[in-house]
Amino acid sequence: MPVHLPDSVETAVVHLAEDPAATVLAGGTDLMVEVNDGRRRPDGSLVVVNRIPELRSWRRDAAASSVTIGAAVSYREIETGPLGELVPALAQAARTVGSPQIRNAGTLGGNLGTCSPAGDGLPVLAALDATIELSSVSGRRIVPVGEFMVGVKRNALLPGEMIVSVTVPLVEGWQGYAKVGVRNAMVIAVASACVVLDRQRQQVAVALGSVGPTILRCPDAERSLASSIDWDTLEVATVALERFGELVSSESRPITDHRSSADYRRHAVGVLARRLVRRASSSEVAA
Amino acid sequence: MTHDSDHYVLDVNGAPREVTDSWLGESLLDVLRDRLGLIGTKGACEQGECGSCSVMVDGVLVCSCLVMAAGAVGQPIQTIEGVAPVGAPTDVQAAFVEAGAVQCGFCTPGLIMAVHDLLERTPKPTDTEIREELAGNVCRCTGYGRIIEAVKQVSVARRGRPS
């Protein structure tokens, strides 16, 4: 079978158009687990996308106040570089992905391609209202992340299409990500949450991972907190914060599976969301 | 650039190594061990959790079990065999012996790769940094105390030498 190592998106999409059974390979950290386990065997051509400069780089757009992150930018680059300072919640999420070896290989685009409800980068993209740029031989299109993620490991990619980049608005205010797992390293999230406090627009965004078929936003909790938070200090009265946590829990839709129970997950996302909001008005940081 | 999935050349430890009769999807770990005879790299979990198969690909530390070998064409690969010749250990290898950080030895090649990478990027790591950076390398018998001790020994010793 042919193994293609294209150096541009334009070449890559031609390969994808030529072979409907082609497999797109970025970091391989999801795909190879399935291949090693015998659950998946690539049977068409392989299109390796992690050598494409456009996918390997990121850029800040000062006019639009956003950053565009190439699909093959690794979690390591997000965690440790200047990109992490621009989008701190994404850096925090990146730091919780697997191990250094996994973060060196795993990519943000790969997280979107797999589209697991436990993907650590995804709640951050959802809370920030990121947009995803897709490409095929028919051209490029931009999809809001909320429309891209359609279900458990299902996304809006069409046959022959690939993920090019993610554009994330830069937010003035506070943002954070937290997750619960059985230990600190090398865990898949049992429950996760991202909170974004947009001081300029006085808007709150909350997105949850591992508590629904895909990433969930919490419109009721968001409205409740936006009206009760002190937008200067980001402090919230205890009663209002309790209420916020309850709304987050009630907006989650968890299931019981081999990793945890629905009850625990529902409780945990409420705790995580409250903890993040408390972190916003204090000097407390994740250890 | 396009090549065939069952016949390609990998750049391993500075030398071109021909791989034939490989199947698409074969991991770099399996190609290194079973086709190229480089058995210093160990395999255990095959899902990126244990770190025993850690190698450097294109200058970054990765789990070779999660690298599709056919996709690594053109990228420099360094395995434990390429770190130092037998009989001439690196400072990290010597420190592992000195600190008693090797018991059964199965995790050791992966850890040596990870520690070299860690000290290249962070010459003076804190205990927390050492623990976080080595979180992807599981040891089940030595315990991590002596491994961390070995890392610190190298860090201190390197500071004393002229740069």
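In this predicted model, the largest nonpolar core comprises 140 residues. The residues with the most contacts inside this core are A:V49, A:A127, A:A193, A:V195, A:V206 and A:A273.

- Setting aside residues up to four places away in sequence, A:V49 touches A:A12, A:V24, A:L25, A:A26, A:L55, A:A72 and A:M162.
- In soluble globular proteins, nonpolar side chains tend to be buried together.

**Open sheet of chain A**
- An open sheet in chain A is formed by 5 strands in the order 4-5-10-6-7, with antiparallel pairing.
- Strand 4 (58-61) and strand 7 (139-144) of chain A each have a single partner strand and stand at the edges, so one side of each is left without a neighbour in the sheet.
- From one strand to the next, the twist averages 20 degrees.
- Strand 4 of chain A pairs with strand 5 (residues 66-70) of chain A over 4 bridges in the antiparallel sense; the bridge partner of A:D61 in strand 5 is A:S66.
- Across strand 6 (131-136) and strand 10 (162-169) of chain A lies helix 1 (residues 9-18) of chain A, which runs at about 65 degrees to strand 6.

**Chain B**
- Along the principal axes, the C-alpha atoms of chain B fill a box of roughly 50 × 35 × 30 Å.
- Of the 163 residues of chain B, 47% count as buried.
- Among contacts in chain B with a separation of 6 or more, 60% involve residues 24 or more positions apart.

Conventions: Residues numbered from 1 in each chain as written. Chains lettered and ligands numbered in written order. Predicted model: local features only at pLDDT ≥ 70, side-chain atom pairs only at ≥ 80, totals over all residues. Buried ≥ 20, exposed ≤ 12 C-beta atoms within 10 Å, placed from the backbone. Contact = placed C-beta atoms within 7 Å. Core = buried A, V, L, I, M, F, W, Y, C linked by C-beta atoms within 7 Å. Pairing = 2+ DSSP bridges. Helix = DSSP H or I, 4+ residues; strand = E, 2+ residues; numbered from the N terminus. Axes fitted to C-alpha atoms, helices over the stretch in contact; angles between N-to-C directions.
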